[in-house]
Amino acid sequence: MNCTRLAAASLVALALAAAPSARAEDVIKVGVLAPMSGPFAPFGRQITSGMKAYLKANGDKVAGKKIDLVVKDTTGPAPEVARRLAQELVTRDKVQFLAGFGLTPNAMAVASVATEAKVPMIVMNAATSAITTKSPYVLRVSFTLPQVTAPIAEWAAKNGIKKVYTLVADYAPGLDAEATFKKVFTAHGGQVVDSLRIPLKNPEFAPFVQRIKDAKPEAVFIFTPAGETAVAFMKAFSERGLDKAGVKLIATGDVTDDDVLDAMGDAALGVITSHHYSAAHKSPENDAFKKAYAQVAGAARPNFMAVGGWDGMHLIAEIVKKVNGPIDGDKAVAAAKGLTLHSPRGPITIDPNTRDVVQDVYIRKVQKVDGKDYNVEFDKFTQIKDPGKP
Ligand code: DHB
């Protein structure tokens, strides 16, 4: 290289160094852990689209700082992978928040990383009651299984259903659902005639569904994770003719998840569930959410995980505004306690004692709205706390 070219090259280097680039203190990095591949990939798609929709609608600058999402693929229920990725996010990427968490085993595994690093951990879906007890830095905007199961158990007992068979996925949220259903349903005079647990991964529903048919209960209560598993259950339920045999189906809203509901076909029509969000919820906040979501995700319908992503992003924005300086876990959690947000699902509050979400839980029935299947809300349990906590 001759002298002129050398001088030109150093000028370019100088110019590059002087170019305005976002300084570390002007950026809020949010490490997002969610399944982006494999059978649970729709969870990651819904959560990240909900987060991006919030930033699209409200801008990606909060209190003068730019919000940057660093998304990592946990690949599914894989606690070791989630833990390793969380450690990388806090040590290498220096994220100020951990967020996402589609699945309970991953959230459980990351809680100790949040504690060691004093990084706030925003849970946007995983719904086992105990998750918030695993670290003082966990804040949950989604729901808990006891919170959404208790209302359907009470509603069923008060609406003429007396004998129920329960069927749940055999992992922590399923066990929460099973225990809560039994407790609340029997307290209101119902009887759980039998209970079955099915594997989380690749369950084969047909033999289980046949056993339930043979037991002739009035209804089945089911919890499975949303998506593919729920679709497989619904198929087995109608193929084995349980609906025709007069067995009613009641569930948490995971089973009639908006992401797959219309694709389930008419097998889902009439199913009654309880949950905190339906795409059919009528409110100006939900209209604004759906509009922003469509700009990010096209025609896909947002589900409860997308709302978790949106509200989690909203919570992060409120924390950043309130702390108004360098974020640490203690300041972030203090800022979040007692906050109320106007969510697309209705008002939600972070319980200052448990850091769990307090919210309305709706009873819904799958019905056609403009030719498509939706969870249409027809009853409401107002501002429910997680009954799984003392
Ligand atoms: C989990 C909970 C859900 O309600 C769901 O639909 C999927 C996953 C969980 O906590 O793992």
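This is a predicted model: local features need pLDDT of at least 70, side-chain atom pairs count only at pLDDT 80 or more; totals for chains, interfaces and linings use all residues.

**First stop: D214**

Select D214 to begin: at 53% relative accessibility, D214 counts as exposed (exposed is over 50% relative accessible area, buried is under 20%, partly exposed is in between, with a 1.4 Å probe and protein chains only). D214 lies in helix 7; helices here are DSSP runs of H or I with at least four residues, strands are runs of E with at least two, and both are numbered from the N terminus.

Residues are numbered from 1 along each chain as its sequence is written, and side-chain values use heavy atoms, with hydrogens and water left out.

**Helix 8**

Next, select residues 228-239, which make up helix 8. Its 12 residues reach 16 Å from the first C-alpha to the last, close to the 16 Å expected at 1.5 Å a residue (the expected span is 1.5 Å times one less than the number of residues). Which residues of helix 8 are buried? Colour T229, A230, F233, M234, A236 and F237, and you have them. Look down the axis of helix 8: these buried residues fall within an arc of 165°, so they line one face of the helix (the arc is that of the directions from the helix axis to the C-beta atoms). On the face turned away from the buried side, pick out the exposed residues E228 and E239.

What covers the buried residues of helix 8? The cover includes strand 7 (163-169), helix 7 (206-215), strand 9 (219-223), strand 10 (248-252) and helix 9 (261-264). Past the end of helix 8, click on G241, which follows the helix and has a positive phi, near 70°.

Go to strand 7 and select T166. T166 is buried, with a relative accessible area of 0%. Show the side chain of S195 too: the side chains of T166 and S195 make a polar contact of 2.8 Å (a pair of N or O atoms within 3.5 Å; within protein, one must be able to donate a hydrogen and the other to accept it, and residues adjacent in sequence count only if both atoms are side-chain atoms). Beyond four places in sequence, T166 is in contact with residues including E178, F181 and F221 (contact means heavy atoms within 4.5 Å).

Hop over to E178, found in helix 6 (residues 172-187). E178 is buried as well, at 12% relative accessible area. Leaving out residues up to four places away, E178 touches T166, V168, S195, L196 and R197.

**D360**

Last stop: D360 in strand 14 (residues 357-369). Is D360 buried or exposed? With 6% relative accessibility, D360 counts as buried. Show K380, whose side chain is joined to that of D360 by a polar contact of 3.5 Å. Then find the backbone nitrogen of Q383, which lies 2.7 Å from a polar atom of the D360 side chain.
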